[in-house]
Amino acid sequence: MGFEEFVAERLEGLLRYATVLTNDPHLAQDIVQDVLLRAQQRWDGIDAPPAYVRRMITNEYLSWRRRAVRRMVPSSHDVLDALGPPQADPSAAYDERDAMLGLLATLPRKQRAAIVLRYYENYSDSEIAAVLRCGTSTVRSQISRALAALRQAPHPTILTGAPE
């Protein structure tokens, strides 16, 4: 990913992060601008740009705090929302994935295979039937039973999106 593409894709999130750190949207813009200028100069040598740039922003913020003590004015939600929509915590996807893998492991093998082929491989009933060597009505029955069992599981938010 090139520098321009990185900035176009990540600028709002970086500004939001810096604003939360500084509680000052103007200072946040200054910090992000300074960091991006420095990052651009050594862009080809950066292995993991998102993590590296966030660390640079954090370091710049900490250096600024050591250089000058300013009165911190809490930012309102309006100021943060003006910088862009909040972004979901990326670790939540891993938590949900791990929870789903754990739930799938509780299913009988044929049900698990049918669910995986349907939802992870996007196979049709007839394709699943060919793989499992059974009829399409058996495939539909296996999937129905598997989904019912998963809905009974202790983590319904994964399957329905509704709070527990």
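A: The crossing of H6 and H7 is right-handed. A crossing counts as right-handed if the near helix is turned clockwise from the far one by less than a right angle, and as left-handed if anticlockwise. This is a predicted model, in which local features need pLDDT of at least 70 and side-chain atom pairs count only at pLDDT 80 or more, while totals for chains, interfaces and linings use all residues. Residues are numbered from 1 along each chain as its sequence is written, and side-chain values use heavy atoms, with hydrogens and water left out.

Q: At what angle do H6 and H7 pack, and how far apart are their axes?
A: Helix H6 (residues 109-120) and helix H7 (residues 125-132) pack at about 140 degrees, and their axes are 10 Å apart. H6 is therefore oblique to H7. Axes are lines fitted to C-alpha atoms, for helices over the stretch in contact, with angles from 0 to 180 degrees between N-to-C directions; under 35 is roughly parallel, over 145 roughly antiparallel, 65 to 115 roughly perpendicular, and the rest oblique.

Q: Which residues make the contact of H6 and H7?
A: H6 contributes Lys110, Ala113, Ala114, Leu117 and Arg118, and H7 contributes Asp125, Ile128, Val131 and Leu132; contact means heavy atoms within 4.5 Å. By class, this contact has 6 nonpolar, no polar and 3 charged residues (Ala, Val, Leu, Ile, Met, Phe, Trp, Tyr, Cys and Pro are nonpolar, Asp, Glu, Lys and Arg charged, the others, Gly among them, polar).

Q: How do H1 and H2 pack?
A: The angle between helix H1 (residues 3-22) and helix H2 (residues 25-41) is about 140 degrees, with axes 8 Å apart. H1 and H2 are therefore oblique to each other, and their crossing is right-handed. Their contact has 13 nonpolar, 4 polar and 1 charged residues.

Q: Are Phe3 and Trp43 buried or exposed?
A: Both are buried (under 20% relative accessible area; exposed is over 50%, partly exposed in between, with a 1.4 Å probe and protein chains only). Trp43 has a relative accessible area of 10%, and Phe6 counts as buried at 1%.

Q: What does Gln111 touch?
A: Gln111 lies in helix H6 and is buried, with a relative accessible area of 10%. Gln111 touches Gln142, Arg145 and Ala146, leaving aside residues up to four places away in sequence.

Q: How many helices and strands does the protein chain have?
A: The protein chain has 9 helices and 0 strands, as DSSP runs numbered from the N terminus (helices: H or I, at least four residues; strands: E, at least two). Of its 164 residues, 30% are buried. Among contacts between residues at least 6 apart in sequence, 55% join residues at least 24 apart.
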